[in-house]
Amino acid sequence: MSVSPEILDRLKTVDLFEALSSRDLEHVAAVGRRVDHHAGKEIVTEGGGSAGFHLILEGEAAINVGGNARPSLRPGQYFGEISMLDGKPRTASVTAGGEGLATFSIASWDFHGLLEKYPTITKPIIVNLCSRLRTAEARVALGSPGAQA
């Protein structure tokens with residue numbers, strides 16, 4: 001399996017994949033590819049289908065949720081992981097910035113096949129998602145009336 005060392009290094013910084021073994025990370029890298037998006041191209045549409053995961057390699061991505069602009073994403077950040085995993089509609093629209101955007105992208109169907117073929121990838125991802133859920137629940141609890149710190 002020939003995988004770019006640069007892509008492996010970038011994937012290691014993604015919290016979703018950080019607990020994967022080197023071998024499993026290589027499997028993840030092998031199913032993705034670089035995609036170049038021209039300036040202003042809408043990459044994903046809020047409410048649309050779940051095409052996959054996108055790790056930003058170069059450029060900037062504009063984020064829009066419910067008609068409201070959110071902070072832009074830059075190299076090293078990513079989007080699409082939740083829809084890739086659960087198959088539900090996208091929660092935001094993402095558009096390539098003024099100088100275009102390069103991403104390392106993994107199609108959801110390729111990622112699902114990877115999880116079936118290499119089940120050792122699944123547990124670290126589930127643990128990461130549970131951690132995110134606990135963090136979100138703690139934020140809600142701290143902001144709720146009557147919540148204890």
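**View 1. α2 passes α4 in a right-handed crossing, meaning that the near helix is turned clockwise from the far one by less than a right angle.** This is a predicted model, where local features need pLDDT of at least 70, side-chain atom pairs count only at pLDDT 80 or more, and totals for chains, interfaces and linings use all residues. Residues are numbered from 1 along each chain as its sequence is written, and side-chain values use heavy atoms, with hydrogens and water left out. On the α2 side, the contact (heavy atoms within 4.5 Å) is made by His27, Val28 and Val31, and on the α4 side by Asp110, Phe111 and Leu114. Helices here are DSSP runs of H or I with at least four residues, strands are runs of E with at least two, and both are numbered from the N terminus. The axis of α2 comes within 9 Å of that of α4 (residues 108–117), and the two cross at roughly 150°. Axes are lines fitted to C-alpha atoms over the stretch in contact, with angles from 0 to 180 degrees between N-to-C directions. That makes α2 and α4 roughly antiparallel, a label for angles over 145 degrees.

**View 2. α1 packs against α2.** Helix α1 (residues 5–12) and helix α2 (residues 22–31) sit with their axes 10 Å apart, at an angle of about 115°. The pair therefore counts as roughly perpendicular, the label for 65 to 115 degrees. This crossing is right-handed too. From α1 come Ile7, Leu8, Leu11 and Lys12, which meet Leu25, Glu26, Val28 and Ala29 of α2. Sorted by class, that contact has 6 nonpolar, no polar and 2 charged residues.

**View 3. The largest pocket holds about 510 Å³ of space.** A pocket is an open set of points on a 1 Å grid where a 1.4 Å probe fits, with protein on both sides within 12 Å along at least five of seven lines; lining residues have an atom within 4 Å of a point. Of its 21 lining residues, Phe79, Gly80, Glu81, Thr91 and Ala92 are closest to the centre. α3 gives the most to the lining, with 4 residues.

How values were computed: Points joined across faces, edges and corners; volume = space filled by probe spheres on them. Parallel < 35°, antiparallel > 145°, perpendicular 65-115°, else oblique. Nonpolar A, V, L, I, M, F, W, Y, C, P; charged D, E, K, R; others polar.
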